Amino acid sequence: MKLTLTRPTLAQKAQALAFRQEFFDCGETVINGSELLDQTGSYEEWLAAVTANASPETVSPDWVVTDTFFALDEAGRVVGIIDYRHTLNGFLKDLGHCGYSVRPTERGKGYATEMLRLLLEHARSMGAAELRLSVERGNAPSIGTILRNGGRYVRSFLFAGEEADSYAITLREGTTMTNQALVDLAFTMLERSYVPYSHFPVGAALLCADGTVFTGCNVENAAFGSTICAERTALVKAVSEGHRDDFIRLAVVGNSADYCWPCGACRQMLYEFAPNLTLLVARKDREFVELPLSELLPHGFGPKSLD
């Protein structure tokens, strides 16, 4: 079996509409991973939306950067659709990075397993450390697809009144620490903060590809300009121990009711070593958002800017 993942084009309109209609003819009104192809009447409108959402510069304000692919068989026929959401916002925290569907007449051939395998390669090439997926408890074929690609059970939750399970697939060795565990570790650093002037403690935890974690807290100084933030403390500790380009995720936490966003200086320092870094930014109730550093520092200035 040979499948190819391709981004949608206008030339695929007829195929895409036939693909969608097959679901409807089978009584299926939801096409998972289709980025609302099942709800958008105009193919051109849908194509414009998925194209825009693939770029940080044009993504919809209420969504996240998402790559959408048709899966083509060896004859070039659309047999499936799958998406990759680069980050998880509050809505997607349970749903995960990926959704997928195989057209009804092509199921049972192993296409879903191969589609997910190809998507994992794409996510890995983008620097992702882990991919989260969710599935309804009774969807045995999809659970099998996830398990065959190395998925491990994480937790259960209710979605639309139905029981569902969340799975994680590790994309890089040494990255088995969950996002929540990294956030929790960062919270342990709050009590170590030295903040006699601002009284605003911040904790950080930086995960490397080999599984090593470097923690940090903010350390203030009477000469205010000499203060160092928690993010930079963790980063400098890591660099001083020989790490350079293997940073995966950074959790930043505080005691504020608002999310503890890194300051401009920290964003620039992080960009120097990890422009593809994923940030987990939390507030005091331990709720957090996940987003790429590039969203906080678009068009960043780094080493390549000097070439």
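Me: In which hand does α4 pass α5, left-handed or right-handed?

Reply: This is a predicted model. In it, the crossing of α4 past α5 is right-handed.

Me: At what angle do helix α4 and helix α5 cross, and how far apart are their axes?

Reply: Helix α4 spans residues 111-125 and helix α5 residues 140-148; their axes cross at roughly 40 degrees and come within 9 Å. Angles under 35 degrees count as roughly parallel, so α4 is oblique to α5. On the α4 side the contact uses Ala112, Thr113 and Leu116, and on the α5 side Thr145, Ile146 and Arg148. By class, these residues are 3 nonpolar, 2 polar and 1 charged.

Me: How do α7 and α8 pack?

Reply: Helix α7 (residues 230-240) and helix α8 (residues 264-273) have axes 9 Å apart at an angle of about 25 degrees. The two helices are therefore roughly parallel to each other. The crossing of α7 past α8 is left-handed. Glu231, Arg232, Leu235, Val236 and Val239 of α7 meet Ala265, Cys266, Met269, Leu270 and Phe273 of α8. That contact has 8 nonpolar and 2 charged residues, with no polar ones.

Me: Which residues of the largest nonpolar core touch the most other members?

Reply: The largest one here has 26 residues, and Cys98, Tyr100, Leu116, Leu131 and Leu133 touch the most other members. Elements giving two or more residues to this core include β2 (66-72), β3 (78-85), β5 (130-136) and β7 (162-170). Helix α4 provides the largest share, 8 residues.

Me: What does Leucine 131 touch, leaving out residues up to four places away in sequence?

Reply: The partners of Leucine 131 include Tyr84, His97, Cys98, Leu116, Leu120 and Ala123, and also Tyr167, Ala168, Ile169 and Leu171. Apart from this core lies another, of 25 residues, among them Ala238, Cys260, Tyr271 and Leu297.

Me: How should I read the phi of leucine 36 and of arginine 286?

Reply: Most residues other than glycine have a negative phi. Leucine 36 has a positive phi, near 70 degrees. Leucine 36 sits in the loop between α1 (13-25) and α2 (43-52). Arginine 286 also has a positive phi, near 75 degrees, and lies in the loop between β11 (278-282) and β12 (288-292).

Terms used:
Residues numbered from 1 in each chain as written. Predicted model: local features only at pLDDT ≥ 70, side-chain atom pairs only at ≥ 80, totals over all residues. Heavy atoms only, no water. Axes fitted to C-alpha atoms, helices over the stretch in contact; angles between N-to-C directions. Helix = DSSP H or I, 4+ residues; strand = E, 2+ residues; numbered from the N terminus. Parallel < 35°, antiparallel > 145°, perpendicular 65-115°, else oblique. Left-handed = near helix turned anticlockwise from the far one by under 90°. Contact = heavy atoms within 4.5 Å. Nonpolar A, V, L, I, M, F, W, Y, C, P; charged D, E, K, R; others polar. Core = buried A, V, L, I, M, F, W, Y, C linked by side-chain atoms within 4.5 Å. Buried < 20%, exposed > 50% of the residue type's maximum accessible area, 1.4 Å probe, protein only.
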